[in-house]
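Please look through the sequence and the model below, and then follow the explanation of how some of its parts meet.

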Amino acid sequence: VYNTGGGLANTQSVAQFQIATAKARIDELGREVPAWEQAYYSSLEPRLEHAIKKYDASHPLEGYEIVAVEKTLENYGNGRIDLLIKDDFGHAVVDYKFKLRLDSKYYDREVERYRYSWQLLHYTEGMSIELGEPLSRYFICLVVGEPKFSATMHEYPVSPETLQQWRLSAERVWIQMGKEDRGEEEPWMAA
């Protein structure tokens, strides 16, 4: 839905697609929306469409070259990055996080929760390997629909030491996942 020429293809169709995808998932899981939540669900499409229009007009990616959209990491696990961008400081991964509603008192906490994101460290290392150059940062584009719209790029520096620590941890998890896939061990239970 995002095109590399800048802007969204069609905000109404993007909103309709997202709502249809969510409804299909609810159906797939065999769930039903309770009668008391019908009004809320009916309000989602116009609210989402409004947020998408505001995002498209806000230009949070101004100053960055969009290199790739929905880029799959071919040889580094099962990951697909939202955007790969480039500026004077090199390439960086961008991941979108959307909150239909986020009160301002929780905003800083939301930003901070992505500081050492497993997902984004994985994407950063994977793209570093694929590009053959170290990436020293990633971005979260945090889009908030209500009560006050915002679309803000947040930069998170990544040191080689941080990626090395992440890799050591990831390798242990990947070994365990392989054992589980082969039926050699039972899945770990989350703490």
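A salt bridge is a side-chain nitrogen of Lys or Arg within 4 Å of a carboxyl oxygen of Asp or Glu. By this rule, R182 and E184 form a salt bridge, with their closest N and O atoms 2.8 Å apart. This is a predicted model, in which local features need pLDDT of at least 70 and side-chain atom pairs count only at pLDDT 80 or more, while totals for chains, interfaces and linings use all residues. Residues are numbered from 1 along each chain as its sequence is written, and side-chain values use heavy atoms, with hydrogens and water left out.

How many salt bridges does the rule give? The count comes to 16. One of them joins E146 to R47, whose closest N and O atoms are 2.6 Å apart. This pair links distant parts of the chain, since E146 belongs to strand β4 (residues 137-146) and R47 to helix α2 (residues 38-58), 99 residues apart; here helices (H or I, at least four residues) and strands (E, at least two) are DSSP runs, numbered from the N terminus.

Another salt bridge, at 2.5 Å from N to O, brings together the side chains of D87 and R137. Because D87 lies in strand β2 (residues 80-87) and R137 in strand β4, the pair ties together parts that are 50 residues apart in sequence. Both D87 and R137 are buried, where buried means under 20% relative accessible area, exposed over 50% and partly exposed in between (1.4 Å probe, protein chains only). At 54% relative accessibility, R182 counts as exposed, whereas E184, at 49%, counts as partly exposed.
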